[in-house]
Amino acid sequence: LVATVDVPVDTPMLVEAPLLATPRASKTLQHQVASFAAALRATNASPLAVLLAERWLVVVREFATAPENTQDAVLGLQNEFSIPNGPMPRAVAELAKAVH
């Protein structure tokens, strides 16, 4: 598949923009995430679920407060490119149960 357009050289044809921006976590939130990860470890959670909590819980928190159109856009990407039975979706499901 080839698409051609008559545009000047170096004209951007595709520009990536983040769907969700997360501010740096406060010291309090960093401590809360670390405590949550430690509690997960104590329940024999999978190492991947613990890593997800440590790395992505702040992003998930921001996602939860994002506008609905942003949430829809992010979820659409997840549905389109996901591998439903892979280790990552299983760890995400495990982490979701622990958060709730």
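## The nonpolar core

Eight residues form the largest nonpolar core: Ala-37, Leu-40, Ala-45, Val-50, Leu-52, Ala-53, Ala-91 and Leu-95. A nonpolar core here is a set of buried Ala, Val, Leu, Ile, Met, Phe, Trp, Tyr and Cys residues joined through side-chain atoms within 4.5 Å. Buried means under 20% relative accessible area, exposed over 50%, and partly exposed in between, with a 1.4 Å probe and protein chains only. At least two residues of this core come from each of α1 (27–42), α2 (47–64) and α4 (87–99). The largest share, three residues, is supplied by α2.

Leu-40, one of the core residues, touches Ala-45, Ala-49, Val-50, Ala-53, Leu-95 and Ala-98, leaving aside residues up to four places away in sequence. A contact means heavy atoms within 4.5 Å.

## Basis of the model

This is a predicted model, in which local features need pLDDT of at least 70 and side-chain atom pairs count only at pLDDT 80 or more, while totals for chains, interfaces and linings use all residues. Residues are numbered from 1 along each chain as its sequence is written, and side-chain values use heavy atoms, with hydrogens and water left out.

## Fold and dimensions

The protein chain has four helices and zero strands, in the order α-α-α-α along the sequence. Helices (H or I, at least four residues) and strands (E, at least two) are DSSP runs, numbered from the N terminus.

The C-alpha trace spans about 60 × 35 × 25 Å along its principal axes. The radius of gyration of the protein chain is 18 Å, whereas a compact globule of 100 residues would have one near 13 Å. This radius is taken over C-alpha atoms, and the globule rule is 2.2 Å times the number of residues to the power 0.38.

Of the 100 residues in the protein chain, 18% are buried. Among contacts between residues at least 6 apart in sequence, 68% join residues at least 24 apart.

Most residues other than glycine have a negative phi. Asp-10, which is not a glycine, has a positive phi of about 70°. Asp-10 lies in the segment before α1 and counts as exposed because its relative accessibility is 76%.

Asn-44 also has a positive phi, near 60°, in a residue other than glycine. Asn-44 sits in the loop between α1 and α2, and its 69% relative accessibility places Asn-44 among exposed residues.
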